[in-house]
Amino acid sequence: MRFNWNFDYVKGSKIAYIFSIILTITGIISILALGLNYAVDFRAGSNVDISVSKAITAEQIQPIVKDIGVDEGDVTITSGADRVNVRFSNVLDENQESKFKEEFAKLDASASYEVNTVDPEMAKELERNAIYAVLIASIGIMIYVAIRFEWRFGLAAVIALFHDAFVVISVFSIFRLEVDLTFITAVLTIVGFSINDTIVIFDRIRENLRFAKKTTKADLREVVNRSLAQTMTRSLNTTFTVFAASICLFIFGGESIRMFSLAMVIGTLFGAYSSIYIAAPLWLMLKGKQVDKPKTVAKESN
């Protein structure tokens, strides 16, 4: 039995706009007040990732940090059952790194270490390149959609893309989740997934416009609702497939891709949501202004 997807999606977009505006404002406040919880990839310092054979608490590690001459306020310790992460705001020298391993061996002689160090210039360059990557990708997508369809489609698509990317960034800021290079990869992947879903809907709108009346905004509204209904099954199937794969990666994947998987889970859901309730209704609003313009009738001169 085939499900009937004929709903008034445009009407629901009003609630979606309010929800997105509230979420965006909350995200802006969080980013301005708290910033992002950058991993060592984006800020200078040393990150020591330790695989342990038994549980080690942060209280056991703090004396070691003090012994190597590092201020405890500049260190973040995350402990788990089989893994410990110690992040230093400053770069450890060879003596400090060697002494840290020596002292930690007294807690767990079989521990294995992975030390990553980023200098200040490299951290700034990585952050700058990450911003450029997202902006260039978004501009390229807008140009492509504007040429392939029209500028209103391109503008609506890019606004929806920025919405999806910013929602993911906001969630990571609010809940203080770690932002590393894999997070940037996830954001770019989300941008690609979201535009793919949006393009399918826009292509159906364009096809339906060929055989529909376009004299009033109500005619355009009917075209948008019908196009969304026709592509809904495809959108949900694609979203569910990516969402299920991301959830499995988050649960069963390694620590190194956990934040990537979580970003994909959030971005996948909001990517489908924005294609339906942000991009398509936004195009309708832009196109409706053109339809609502009164047609000028040339007066014949006597």
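## Asn95 in helix α3

Asn95 belongs to helix α3, which spans residues 94–104. In this predicted model, the relative accessible area of Asn95 is 64%. Because the threshold for an exposed residue is over 50%, Asn95 is classed as exposed.

Between Asn95 and Ile68 there is a separation of 27 residues in sequence. In space, the C-alpha atoms of Asn95 and Ile68 are 8.5 Å apart.

## Arg176 in the loop between α5 and β6

Arg176 is found in the loop that links α5 (151–174) to β6 (178–179). Its backbone phi is near 55°, a positive value in a residue that is not glycine. In general, most residues other than glycine have a negative phi.

The relative accessibility of Arg176 is 33%. Since partly exposed residues fall between the buried limit of 20% and the exposed limit of 50%, Arg176 is assigned to the partly exposed class.

## The contact of α4 with α6

Helix α4 covers residues 120–148 and helix α6 covers residues 181–209. Their axes come within 11 Å and cross at roughly 10°. Angles under 35 degrees count as roughly parallel, and α4 and α6 are therefore roughly parallel to each other.

On the α4 side, the contact is formed by Leu126, Ala130, Ala133, Val134, Ala137, Ile141, Tyr144, Val145 and Arg148. On the α6 side, the partners are Leu181, Ile184, Val187, Leu188, Val191, Ile195, Ile199 and Arg206. By residue class, this contact comprises 15 nonpolar residues, two charged residues and no polar ones.

## Secondary structure and overall dimensions

The chain contains eight helices and six strands. Along the sequence, these elements follow the order α-β-β-α-β-β-α-β-α-α-β-α-α-α. Contacts between residues at least 6 apart in sequence were also examined, and 79% of them join residues at least 24 apart.

The radius of gyration of the chain is 25 Å, whereas a compact globule of 302 residues would have a value near 19 Å. Taken along the principal axes, the C-alpha atoms fill a box of roughly 100 × 55 × 30 Å.

## Burial and surface

Of the 302 residues in the chain, 43% count as buried. The accessible surface of the chain amounts to about 16600 Å². Carbon and sulfur atoms account for 61% of that surface.

Methods: Residues numbered from 1 in each chain as written. Predicted model: local features only at pLDDT ≥ 70, side-chain atom pairs only at ≥ 80, totals over all residues. Heavy atoms only, no water. Helix = DSSP H or I, 4+ residues; strand = E, 2+ residues; numbered from the N terminus. Buried < 20%, exposed > 50% of the residue type's maximum accessible area, 1.4 Å probe, protein only. Axes fitted to C-alpha atoms, helices over the stretch in contact; angles between N-to-C directions. Parallel < 35°, antiparallel > 145°, perpendicular 65-115°, else oblique. Contact = heavy atoms within 4.5 Å. Nonpolar A, V, L, I, M, F, W, Y, C, P; charged D, E, K, R; others polar. Rg over C-alpha atoms; globule rule 2.2 N^0.38 Å. Areas by Shrake-Rupley, 256 points an atom, 1.4 Å probe, with all protein chains shown as cover.
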